[in-house]
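Good morning, and thank you for making time for this item. I would like to take you through a few side-chain contacts and strand pairings, one group at a time.

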Amino acid sequence: QVQLVESGGGLVQAGGSLRLSCVASGNISSINTMGWYRQAPGKQRELVASIVNGVTRGTPVSYGDSAKGRFTISRDNNKDTISLQMNRLIPEDTATYYCRGIFAAGTYWGQGTQVTVST
C-alpha cells in the first residue's frame with residue numbers, strides 16, 4: 001500500500017501563486033511516476049504535470065497544455081515528495097487537484113486539495 005497526502009491548496013486571487021506538495025509513504029518503489037491531476041466541476045480529470053523519479057538520465061517531466069509556461073513540477077531530494085509551483089493563476093485553474101503515483105505496488109491517488117482562484 002502507498003499513501004499520498006496533498007497540501008497547499010487554498011484561495012488565491014487571479015495572478016497569484018500557490019505551491020502544492022504531495023508526500024508519498026508506504027511501499028514506494030525507487031522508480032516511480034508521480035504527478036498532479038485536476039478536476040473542475042462538470043469536467044473530466046486532466047493531467048497537470050508529472051515527473052518520473054529514480055531514473056539516472058535526467059528527470060523526465062511532462063505538462064498538460066493548461067500548465068505549460070505557468071506551472072513547474074519538481075521533486076524533493078528524498079524523492080518521496082513532489083511539489084507543484086503554480087504561478088499566474090487564473091480563475092480557470094479552479095479545481096480539485098489530486099496527486100497520483102504509479103509505483104510497483106500499483107497506482108494510487110490522494111484525497112485531493114482544493115484550489116480556488118478568484119477574479
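Let me begin with a polar contact: the side chains of S50 and S62 are joined at 2.8 Å. Please keep in mind throughout that this is a predicted model. S50 belongs to strand β5, residues 46-53. Is S50 buried or exposed? Its relative accessible area is 15%, and the cut-off for buried is under 20%, so S50 counts as buried. Leaving aside residues up to four places away in sequence, S50 touches T33, M34, G35, P60, V61, S62 and I73.

I turn now to the charged side chains. Side chains of opposite charge can pair when their charged atoms come close. How many salt bridges does the count come to? The count comes to 4. One of them joins R38 and E46, at 2.7 Å from N to O.

Another salt bridge brings together D65 and K68, with an N to O distance of 3.3 Å. Here D65 is exposed, its relative accessible area being 67%.

A further salt bridge links D93 with R70, at 2.7 Å from N to O. D93 sits in the loop between β8 and β9, and R70 in the loop between β6 and β7, so this pair ties together parts that lie 23 residues apart in sequence. D93 and R70 are both buried. Through salt bridges that share partners, R38, E46, R70 and D93 are joined into one network.

The loop between β8 and β9 also holds R88. Most residues other than glycine have a negative phi. R88 is not a glycine, yet its phi is positive, at about 50°.

Next, strand β8 itself, which spans residues 81-86. Of its 6 residues, 5 are buried, and the strand is mostly covered. Which strands pair with β8? Strand β3, residues 18-26, pairs with β8 in the antiparallel sense over 6 bridges, and in that pairing C22 stands opposite I82. Strand β7, residues 71-75, also runs antiparallel to β8 and is joined to it by 5 bridges; there F71 stands opposite M86.

Finally, the aromatic rings. The count comes to 3 aromatic pairs. Among them is the edge-to-face pair of Y37 and W109, with 5.3 Å centre to centre and 65° between the planes. Y37 lies in strand β4 and W109 in strand β10, so the pair ties together parts that are 72 residues apart in sequence. Y37 is buried, with a relative accessible area of 15%, whereas W109 is partly exposed at 35%.

W109 also pairs with Y98: the ring centres are 6.4 Å apart and the planes stand at 85°, so this pair is edge-to-face. It links distant parts of the chain, with Y98 in strand β9 and W109 in strand β10, 11 residues apart. Y98 counts as buried, at 15% relative accessibility. Together, Y37, Y98 and W109 form one aromatic cluster.

Which residue lies over the face of Y98? That residue is R45, at 3.8 Å from the ring centre. The charged end of R45 also sits over the ring of W109, 4.6 Å from its centre.

That concludes my presentation, and I thank you for your attention.

Note on methods. Residues are numbered from 1 along each chain as its sequence is written. This is a predicted model: local features need pLDDT of at least 70, side-chain atom pairs count only at pLDDT 80 or more; totals for chains, interfaces and linings use all residues. Side-chain values use heavy atoms; hydrogens and water are left out. Buried means under 20% relative accessible area, exposed over 50%, partly exposed in between (1.4 Å probe, protein chains only). Helices (H or I, at least four residues) and strands (E, at least two) are DSSP runs, numbered from the N terminus. Two strands pair if DSSP finds at least two bridges between them. A salt bridge is a side-chain nitrogen of Lys or Arg within 4 Å of a carboxyl oxygen of Asp or Glu. A polar contact is a pair of N or O atoms within 3.5 Å; within protein, one must be able to donate a hydrogen and the other to accept it, and residues adjacent in sequence count only if both atoms are side-chain atoms. Contact means heavy atoms within 4.5 Å. Rings of Phe, Tyr and Trp (its six-membered ring) pair if their centres lie within 6.5 Å; planes under 30 degrees apart count as stacked, over 60 as edge-to-face and the rest as tilted. A charge sits over a ring if NZ of Lys or CZ of Arg is within 6 Å of the ring centre and within 35 degrees of the ring normal.
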